[in-house]
Amino acid sequence: MSTVYITARNVVISTLLGFVVLLQAVSGFPAIVTLERAFSVKHRIKLSELRYRDSLRHGRMLLKDTSPKGVIGFVAEGSYDLRVAGLYYTKVKLGTPSKDYYLQIDTGSDVSWVSCRPCNDCPTSSGFNIPITLYDPSSSSTSSPISCSDQRCPQASQTYDSSSCLNNHCTYTIQYGDDSATSGHYVSDLMHFKIIVSGTETELSNTSASIVFGCGTIESGVLTTPDSALDGILGLGQQGRSIISQLSSQGITPNSFAHCLADGGGLLVIGQPMVPYIVFTPFVKSQGYYSINLQSISVNDKTLSIDPSVFAINYDKAGTIVDSGTTLAYLTEEAYTPFVDAITKSVSVSVQPHTSNGNTCYSITSSVSNIFPIVSLNFAGGASMHLRPQDYLSHQSSKSGAEVWCMGFQRSAQKGITILGDLVLKDKFIVYDLDAQRIGWARYDCFSIVEVSSNSSSSSSEALTPSQISGGRSLGIRSHQQIPVIVISSIIHLTMMFLGFQATRMSL
C-alpha cells in the first residue's frame, strides 16, 4: 500500500491568507490570526498519523464534563461472530500484588467472579490465545473472605443465583441460561484501574477500590470449554453486587456505564460518556435485567402486524432484555414468524430463501446492504433502533462468488422474552444510565476505537489512559465565530479537493 503525504502547504496557506483579507473587508473579521501547529511544517505527515490523531480527538468528545466523578475506560476484545469468538472480554487487575484476569463482559448478570485455586473442572487453556490465571486468595495480601454475617454477603434476588453459608463463608451458586454454572464463595480484594477525572487531563495512576466478587471453585458447561475459556465474568447488572453499583456507592464513578462493540473489540466505559445523537428509552423494572419496552417492529418503515402484548412485561414475562452476554438476538414466537416473513417478502424478487440447520438463509451475489431492508425496533418514549442488514443477518460463508447470510434473529426458547445480543448491539454506543433508569444508543464507529487502542504503545487489553480515550483538546467556538470558521472550513475543503485530496467524513 502506498503512503500519501501532504505536500501542498504553500497553496493552502496562500488561499487562506487571501480569504482572511476578504473576510476583513466584508465582515470585520480580524486580519491577525494566531495558529498553533500540531505538527512541524518541516516534516511531511502520513495520513495514517493524521487519522490516528483525529481518532484520539473524537474520543475526547465522549467525556462528559459535567460529571464530578471519574470515568474508567477498558479496551474490549472479542467479536459477535460465533466463528471467531461470540463474546467480548476485557482485562482487569485484582489483588496485591495485582494480577491480570480476562473477564467476559456481561450485562445480564450482577455477580463478577474469577476462577479460584483450587478449582474443579476449570479450564487450563483458552482458544483466545490468552493465559488462564487462577485467583489465589492466599497470594494477595489484601484479599479477605466474606463471612455470612458480613453486610456485604448478598441475599438471593434472582432465580439463577442463590447464596448460602458454608464454614462461615458466604457462598453462591449461579446458573446461566446456557445451562453452564459456577459456584464458590465471596471474597473482597482490590481492583486496580486508571481513572480519568472529567473535565481535566488528570490521570490518577495506581487507583484502586475494594470490591466483592466471587471466588469460583466449581464450573460446568461451556464455562469449561477451552475454545471460549476465560478467567471469569465481569457482571454489569443493575443490582448492588455489580461492579457498577460497587464503584458508584464508593463515589468513584457515576452510576452508569457504556460499551461500544465492533467486530474485533471495542470499548467499555464505567462512568458517564457524552455521546452525540443518542436516543433514550426508560428501563422497565423486571427481574434485575436491563429490560425495555419494545412496542413494534418496522421493515422498510412499514409496521408489522404484531400484537404489542407479545412484548409486554408482566409477572411471567421479562419483555425485551438488552444483554451483551448473548451473541445473537431472540424474538418471541409470535413476533419471529412475521418478522422473517417480512424480510423474505421484501427481497423475493432477487433472492430465494433456503433452510440450513433450521435457519432461514439467503444466497446473494451483491452487497447485502443493497438487497435487504432497514429494520426499526420501536421502543417506548419514541426511541427507535435502526438495524442495517448486518445487524439482523449473520454472514455464514462464501462459495462460488455467492455469500450466504442467515437470519441472526432466532426463536426465543422462553415464552414472552425478547433478547437483544451483540449482533444487534454492535457498532453502537450503548449507554446504561442507572440513576435515570434509562438506556440509550447511537450508531458509532466503534472499530475506530479498536484501531486507536491497537496503535497505542500499551497493551490492547490495558485500561485506557487519558491520551487514548480523551486525546486532544476540545475546540470551543463562540457563536459569533461560527460563520467565519464554517466558511474557512469550506475553503480548505475546496482547496484540498483542488489539490487532489479527498476529505473523509466521520459518521456517528
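**Fold, core and cross-links of the predicted model**

The protein contains nine helices and 28 strands, where helices (H or I, at least four residues) and strands (E, at least two) are DSSP runs numbered from the N terminus. The structure is a predicted model, in which local features need pLDDT of at least 70 and side-chain atom pairs count only at pLDDT 80 or more, while totals for chains, interfaces and linings use all residues. Residues are numbered from 1 along each chain as its sequence is written, and side-chain values use heavy atoms, with hydrogens and water left out.

Of the 508 residues in the protein, 50% are buried; buried denotes under 20% relative accessible area, exposed over 50%, and partly exposed in between (1.4 Å probe, protein chains only). Among contacts (heavy atoms within 4.5 Å) with a separation of 6 or more, residues 24 or more positions apart account for 69%.

The largest nonpolar core comprises 75 residues. Such a core is a set of buried Ala, Val, Leu, Ile, Met, Phe, Trp, Tyr and Cys residues joined through side-chain atoms within 4.5 Å. The residues with the most contacts inside this core are I297, F339, F372, Y392, M407 and F409. Helix α4 (residues 333-346) gives the most to the core, contributing six residues. When residues up to four places away in sequence are not counted, I297 touches K302, T303, L304, I306, F311, L331, F339, V375, S376, L377 and N378.

I297 also has a place in strand pairing, standing opposite L377 in β21. Strand β15 (residues 294-299) pairs with strand β21 (residues 375-379) in the antiparallel sense over five bridges; two strands pair if DSSP finds at least two bridges between them. In general, strands of a sheet pair through backbone hydrogen bonds, either parallel or antiparallel. An open sheet of four strands is formed in the order β16-β15-β21-β22, with antiparallel pairing. At its edges stand β16 (302-303) and β22 (384-387), each with a single partner strand, so one side of each is left without a neighbour in the sheet.

Five disulfides are present in the structure, each being a pair of cysteine sulfur atoms within 2.5 Å. One of them joins C116 to C215, with an S to S distance of 1.9 Å. The link of C116 and C215 is left-handed, with -130° about the S-S bond. C116 belongs to strand β4 (residues 113-120) and C215 to strand β9 (residues 203-220), so the pair ties together parts that are 99 residues apart in sequence. C116 counts as buried at 0% relative accessibility, and C215 counts as buried at 1%.

A further disulfide is formed by C153 and C170, whose sulfur atoms lie 2.1 Å apart. The link of C153 and C170 is right-handed, with 80° about the S-S bond. The pair links distant parts of the chain, 17 residues apart: C153 is in the loop between β5 (144-145) and β6 (161-166), and C170 is in strand β7 (residues 169-175). Both C153 and C170 are buried.

In the disulfide of C260 and C446, the sulfur atoms are 2.0 Å apart. This link of C260 and C446 is left-handed, with -85° about the S-S bond. C260 lies in strand β11 (residues 256-262) and C446 in helix α7 (residues 446-455), so parts that are 186 residues apart in sequence are tied together by the pair. C260 counts as buried at 0% relative accessibility, and C446 counts as buried at 0%.

Aromatic rings of Phe, Tyr and Trp (its six-membered ring) are paired if their centres lie within 6.5 Å; planes under 30 degrees apart count as stacked, over 60 as edge-to-face and the rest as tilted. By this rule the count comes to 14 aromatic pairs. The rings of Y89 and Y102 have centres 6.1 Å apart and planes at 70°, so the pair is edge-to-face. Y89 lies in strand β2 (residues 87-94) and Y102 in strand β3 (residues 99-106), so the pair ties together parts that are 13 residues apart in sequence. Y89 counts as buried at 4% relative accessibility, and Y102 counts as buried at 11%. Ring pairs also link F257, F283, Y290 and Y432 into a cluster.
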